[in-house]
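Reader: I am new to this structure and would be grateful for a close look at one part of it. Please set that part in its wider context as well.

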Amino acid sequence: MSFYPGRVQEHFDAPRNAGELEGADATGEACSFACGAVVRISLKIDATRQTVTDAKFKTLGCGYLIACASVLTEAVKELALGRAATLSTDAITDWFGSLPPERMDCAALCREALHAALADYHSARLEEWTGDEALICTCFGVSENSIERAIHALALRTVEQVTRTCNAGGGCRSCHPLIEDILDDYWRARSARS
Amino acid sequence: MREQIVYLDNNATTRVAPEVFDAMRPYLEDLYGNPSSAHTFGREMRRSVESAREQVAQILGAGDASEIVFTSCGSESDNWAIRGVLELVPGKRHIVTTRVEHEAVRNFCERLEKNGYEVTWLEVDEDGGLDLEALGAALRPDTALVSAMLANNETGVLFPIEEIGRIVRDNSDALFHVDGVQAVGKIPISLRDANVDLFAISGHKFHAPKGIGALYVRKGLSLAPFIVGGGQEGGRRAGTESLPYIVGLGRACELARVDGDAEALRVRALRDRLEDTILASIPNARLNGAGDRARRLPNTSNISFEYVEGENILASLDAAGVCVSTGSACNAETHEASAVLRAMNVPYTAARGSIRFSLGRYNTESEIEYTLAILPGIIERLAQWSPYDEASGKRQV
């Protein structure tokens, strides 16, 4: 009889992608208020393909958390940033058949760490890129220009509308304040002109 | 079930001693009489109950066998002691206890607190030791009860119950209850010399079966029964006596009385070997509880492997056939780290990685060597996964 249920035990015995990722492009951490567990996810990202090329994790948490991080880091490899950012926790939990309700948090925590890593990548890119061609949404590779064009063409008023129109903001959500700024600037300029 | 396990979880429960099993067996077969029956068969059973009572009284150093009342478990004993005292002095609504008591006392006192009683929770220091000055200051004219454990189940830290008893007697009219569950069979106890009014014990912690306990009730103290019904146990605890288990408890006490001291020495040597080697050789290992071993049970080592998850250690040891327990939040039903370690101000990263090794009568040197052989590799493997950089660092000097 194994300590954890079969598929969880399998990943505890041989976790995929556990450890330090040398030369990571982005790192994100999440910590549970419920149980105090910590998980850190590091990513290597191909900037031209906008794709995750490698992922590793480190964690201080139960075997369920290790198994979830193991499955998640496998799942995001070779995923486009946008798809990685919109990965649902089901993608993790389905693999195990079912997790006990109190361990569903483990999967959610891993997803939170992934989002934090994507947000980390986002802020690093923002520092590098300047001018109109700055990528606002790094998850879906949407530039400030594209967002402004969409706002202008369809008279968009909210971040949600922007996301529905051009995907921007549909991933890790770290660019939502920036999209709001763009909306504000656009409509302020419009009302000043009229 | 595994063929062979290395059982280092003797504070959770112990194996029933073969001697105890042999003593009990006739009472599960031919000697099935009811000790309360008037016929000769029944009266013979009564004699067995009374002889077990003598055996329990002896191991506790009680003045009189009539001070022992059989119960179903340690929790019943603890609950009865507390409730019994409060019923005895209904006008007094203040209780003094500690932050590190077993749940049978802690959770019961928390419930009383919700029901209008006032509870003073005494703090412990980083070694798990009690602040005796704070105890003196906490006592009031309306203090009904002081409840403190003799040996802590998680750390093995001992409270000086004779000194506590003296302080309680000299400064108040409060009664003094001791949860002695983890101490019996491991260290000598002499209640006749201590100012202890009530003392709870549990059989399965020292090689009797689960389902039998006792409460020492100092002579002259008349507690109302917790379980009400027939007149068994002199009207103090209703319910037909569980004769096989009572006989088993008595035999376990006898076993501890005969070679308990020698066993404690042997177990202490094994424990010391385990503890010394781990602390000296595994990076980031730290002891929880008094470094002074005279202030701890001879069988218990609570060690934190800082920056590593205790549940992972437990699972890895489990796979290798070694049984231990952890204070990690992950493993607790409540998802909270051990209240005992929190009360001792153990850093969060260390409380998570805490492992309790509790040895017993049937552990051997080769089992300890086996555990010591596999443990460093387990910790090293898990440390590689730790998000804390300190985990891979060298041991701090």
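In what order do the elements of chain A run from the N terminus on?

Author: The model discussed here is predicted. From the N terminus on, the elements of chain A follow the order α-β-β-β-α-α-α-α-β-β-α-α-α. Where contacts in chain A join residues at least 6 apart in sequence, 59% of them link residues at least 24 apart.

The model has an ipTM of 0.83 and a pTM of 0.89. For chain B, the mean pLDDT is 94, and 96% of the residues of chain B reach 70 or more. Where pLDDT is low, the predicted coordinates should not be read in detail.

The largest nonpolar core has 179 residues, and Val39(A), Cys68(A), Cys110(A) and Leu118(A) are the members that touch the most others in it. When residues up to four places away in sequence are not counted, Val39(A) touches Ala30(A), Phe57(A), Thr59(A), Gly61(A), Leu65(A), Ala69(A), Leu109(A), Cys110(A) and Ala113(A). One of these partners, Cys110(A), is itself named with Val39(A) among the residues that touch the most other core members. In soluble globular proteins, nonpolar side chains tend to be buried together.

Chain A also meets chain B: 20 residues of chain A are in contact with 18 residues of chain B. On the side of chain A that touches chain B, two or more residues each come from strand E2 (38–46), strand E3 (51–60) and helix H2 (63–76) of chain A. E3(A) supplies the largest share of that side, with 3 residues. By class, the side of chain A that touches chain B comprises 11 nonpolar, 5 polar and 4 charged residues.

Helix H7 of chain B covers residues 243–281, and its end C-alpha atoms span only 49 Å, whereas a straight helix of 39 residues would span 57 Å at 1.5 Å a residue. H7(B) has a kink of about 70 degrees, and this kink is centred on Asp259(B).

Neighbours within four places in sequence being left aside, Pro209(B) is in contact with Val16(B), Gly203(B), His204(B), Tyr245(B) and Gly248(B). Pro209(B) belongs to the loop between strand E7 (198–202) and strand E8 (213–217) of chain B. Pro209(B) is buried because 21 other C-beta atoms lie within 10 Å. The C-alpha atom of Pro209(B) is separated by 26 Å from that of Ala319(B), which is 110 residues apart from it along the chain.

Asp179(B) is placed in strand E6 (residues 175–179) of chain B. Asp179(B) is buried because it has 32 other C-beta atoms within 10 Å. Residues up to four places away in sequence not being counted, Asp179(B) touches Asp78(B), Glu101(B), His102(B), Ala104(B), Val105(B), Met149(B), Leu150(B) and Ala200(B). Asp179(B) and Arg83(B) are 96 residues apart along the chain, and their C-alpha atoms are separated by 14 Å.

Leu112(B), in helix H4 (residues 103–114) of chain B, is partly exposed because it has 19 other C-beta atoms within 10 Å. Leu112(B) is in contact with Ile95(B), Tyr117(B) and Val119(B), its neighbours within four places in sequence being left aside.

Two loop residues complete the account. Ala155(A) is not a glycine, yet it has a positive phi of about 50 degrees. Ala155(A) sits in the loop between helix H6 (144–154) and helix H7 (159–166) of chain A, and Ala155(A) is exposed because it has 11 other C-beta atoms within 10 Å. In chain B, Asn345(B), a residue other than glycine, has a positive phi near 65 degrees. Asn345(B) lies in the loop between helix H9 (339–343) and helix H10 (348–351) of chain B, and Asn345(B) counts as exposed because it has 11 C-beta neighbours inside 10 Å.

Key:
Residues numbered from 1 in each chain as written. Chains lettered and ligands numbered in written order. Predicted model: local features only at pLDDT ≥ 70, side-chain atom pairs only at ≥ 80, totals over all residues. Helix = DSSP H or I, 4+ residues; strand = E, 2+ residues; numbered from the N terminus. Buried ≥ 20, exposed ≤ 12 C-beta atoms within 10 Å, placed from the backbone. Contact = placed C-beta atoms within 7 Å. Nonpolar A, V, L, I, M, F, W, Y, C, P; charged D, E, K, R; others polar. pLDDT = per-residue confidence, 0-100. Expected span 1.5 Å × (residues − 1). Bend = angle between axes of the 7 residues up to and from the residue. Core = buried A, V, L, I, M, F, W, Y, C linked by C-beta atoms within 7 Å.
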